[in-house]
Amino acid sequence: MSPRGELRGRAARLARLLPSGPAGGSQAARTPFVLLVVLLLGGGLITLLMLNSALNEGSFRLNDLKKQTTDLTEDEQALQRDVDAYAAPDSLQRRARELGMVPGGDPAFLNPDGTVRGVPGAAAPSALWRPAPRPPEVVGTTPSPSPTPSATPEVTPKATPNPTSSQVKPAPSTSGR
């Protein structure tokens with residue numbers, strides 16, 4: 001007798017549910033499951049590889065942008081130093097002298113009522129003028145020829161009408177400085 005024939009009741013019913021022959025049918029049922037698991041694992045690994053590559057590419061791009069920002073910041077600072085050197089009072093005075101400019105004379109001011117305060121004076125070259133040193137960026141270069149006046153031009157004041165004493169007010173004293 002077969003071993004199943006000896007089983008009775010509940011055990012016999014459970015034994016009928018199990019296949020009785022070789023396990024060939026169970027191999028066919030396992031193949032799609034194993035194939036699905038392998039495909040899911042392979043797809044996950046490929047996705048992780050692509051994600052890792054994208055992150056590395058972004059990291060390289062970030063490093064390039066940081067280096068570019070550093071280079072541009074250094075360029076900006078160098079340009080700012082050049083601007084500061086050209087804007088220094090000594091440099092401005094030197095370049096103004098090279099262009100033939102002279103310091104202004106005494107200013108005159110107009111009051112709101114139309115009267116003149118102060119006496120205007122002509123601009124004349126200063127005897128205390130001395131050449132300003134060149135900025136450090138320009139020292140090593142050869143200077144370009146600058147127009148130097150051979151003689152100081154004579155400034156002739158234009159005839160101005162003599163204002164009455166009620167129109168001209170003396171300039172305030174600055175001795176309290």
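# Reading the terms in a predicted model

Guide: Among the elements of the protein, helix H1 (residues 3-6) has the lowest mean pLDDT, at 54, while H3 has the highest, at 92; pLDDT is the predictor's confidence in each residue, from 0 to 100. This is a predicted model, in which local features need pLDDT of at least 70 and side-chain atom pairs count only at pLDDT 80 or more, whereas totals for chains, interfaces and linings use all residues. Residues are numbered from 1 along each chain as its sequence is written, and side-chain values use heavy atoms, with hydrogens and water left out.

Visitor: What makes a stretch of the protein a helix or a strand, and how many of each are there?

Guide: Both are DSSP runs, numbered from the N terminus, with a helix being H or I over at least four residues and a strand being E over at least two. On that basis there are five helices and two strands in the protein, and their order from the N terminus on is α-α-α-α-β-β-α.

Visitor: Why is Phe 33 called exposed?

Guide: Exposed means over 50% relative accessible area, buried means under 20%, and partly exposed is in between, with a 1.4 Å probe and protein chains only. The relative accessibility of Phe 33 is 56%, and therefore Phe 33 counts as exposed. Phe 33 lies in helix H3, which spans residues 24-87.

Visitor: What makes Phe 33, Val 34, Val 37, Val 38 and Leu 41 a patch?

Guide: Patches are made of residues with over 30% relative accessible area and no salt bridge, where nonpolar side chains (Val, Leu, Ile, Met, Phe, Trp, Tyr) are joined within 5 Å and like charges within 9 Å. These five residues form a nonpolar patch on the surface, with about 480 Å² of accessible area together, such areas coming from the Shrake-Rupley method with a 1.4 Å probe, and for residues only the protein chains shown count as cover.

Visitor: How do you know that Asp 71 and Lys 67 meet in a salt bridge?

Guide: A salt bridge is a side-chain nitrogen of Lys or Arg within 4 Å of a carboxyl oxygen of Asp or Glu. For Asp 71 and Lys 67 the N to O distance is 3.5 Å, so the pair qualifies. Being four residues apart in helix H3, Asp 71 and Lys 67 are separated by about one helical turn. Asp 71 is partly exposed at 34% relative accessible area, whereas Lys 67, at 54%, counts as exposed.

Visitor: Which residue forms a salt bridge with Arg 94, and why is Arg 94 called buried?

Guide: The partner of Arg 94 is Glu 98, with the closest N and O atoms 3.1 Å apart. Arg 94 has a relative accessible area of 10%, under the cut-off for buried, so Arg 94 is buried, while Glu 98, at 24%, is partly exposed. In helix H4 (residues 89-98), Ser 91, Arg 94 and Arg 97 are buried. They cover an arc of only 130° around the axis, which puts them on the same side of H4; the arc is that of the directions from the helix axis to the C-beta atoms.

Visitor: What is Gly 105 in contact with, leaving aside its neighbours within four places in sequence?

Guide: Contact means heavy atoms within 4.5 Å, and beyond those neighbours Gly 105 is in contact with Gly 121, Ala 122 and Ala 123. The C-alpha atoms of Gly 105 and Ala 123 are separated by 4.2 Å, although the two are 18 residues apart along the chain.
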